Amino acid sequence: PTLLKGPYPMFVLPENGGEKVISKLRAGWYLRGFKWKAVGSVLNDHVLPFLKNNLNINSIGLVSFCWGAWPMVHLMSERHEIIKCGVGFHPSLLVFTVHMENAKAHLRKIEVPTMLFSAGNDPADGKPGGFADKALSRTNKYSECLLKEYKQMQHGWVNRGDLSDENVSRDYEDAFQNAMQMLKTNV
């Protein structure tokens, strides 16, 4: 794996061959290095104010993939006026566990429409009936939320699936259209 240093460190995994994908243990170690106090301060103290004050943007929707569900859920649970909705493709809510945080507590605080699209081999937590669904069901916006499982898909199908496969293409299109409708309606 490659770690790109800079103002916002990024972790890059090879798509095909070459290096082996890092183990769950090493992934957990890596993720624990990014605490919400640090990540959140960049987003809360710099990114969101920049959007509002410098670009005059008063309404955004958040879109995340995999580990990106962690900052997305954090930001939505903080109830920023600028954030109007969130969409998580193959969300990894296990990142909360890596940080010894309570994902359910954060999900229960969300008061914006939320969509989570899980693959068949994703953990149950982000699927219909999973703990995210149960936590969101306690919010005022649950009627505007959608959790959907794409049983034939593999984790990562939206951002790295083979769109020449008609099943992947079909489910990609469905998830994409749902996400676009959510964003158009709320942002």
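Trainee: What is a salt bridge, and how many are there in this predicted model?

Mentor: Good place to start! A salt bridge is a side-chain nitrogen of Lys or Arg within 4 Å of a carboxyl oxygen of Asp or Glu. This is a predicted model, and by that rule the count of salt bridges comes to five.

Trainee: Which residue forms a salt bridge with Lys 127?

Mentor: Let's start from Lys 127, which sits in the loop between strand S5 (114–119) and H6. Lys 127 is buried, with a relative accessible area of 10%. Its partner lies 22 residues apart, in strand S6, and is partly exposed at 24%. The closest N and O atoms of the pair are 3.1 Å apart, and the partner is Glu 149.

Trainee: How many residues apart in sequence are the parts that Lys 148 and Asp 174 tie together?

Mentor: The side chains of Lys 148 and Asp 174 meet in a salt bridge of 2.6 Å, N to O. Lys 148 lies in strand S6 and Asp 174 in helix H8 (residues 166–186), so the parts tied together are apart in sequence by 26 residues.

Trainee: Asp 133 has no salt bridge, so which side chain does it join in a polar contact?

Mentor: Asp 133 is found in helix H6 and is buried; the nearest side chain of opposite charge, Lys 134, is 8.1 Å away. A salt bridge needs the atoms within 4 Å. The side chain of Asp 133 does reach the backbone nitrogen of Gly 129 at 2.7 Å. A polar contact of 2.5 Å also joins it to the side chain of Tyr 142.

Trainee: What is the phi of Met 100, and is the residue buried or exposed?

Mentor: Met 100 is in the loop between helix H4 (94–98) and helix H5 (103–108). Although Met 100 is not a glycine, its phi is positive, at about 55°. With 63% relative accessibility, Met 100 counts as exposed.

Technical notes:
Residues numbered from 1 in each chain as written. Predicted model: local features only at pLDDT ≥ 70, side-chain atom pairs only at ≥ 80, totals over all residues. Heavy atoms only, no water. Helix = DSSP H or I, 4+ residues; strand = E, 2+ residues; numbered from the N terminus. Buried < 20%, exposed > 50% of the residue type's maximum accessible area, 1.4 Å probe, protein only. Lys, Arg positive; Asp, Glu negative; His and termini not counted. Polar contact = N/O pair within 3.5 Å; in protein donor to acceptor, adjacent residues only side chain to side chain.
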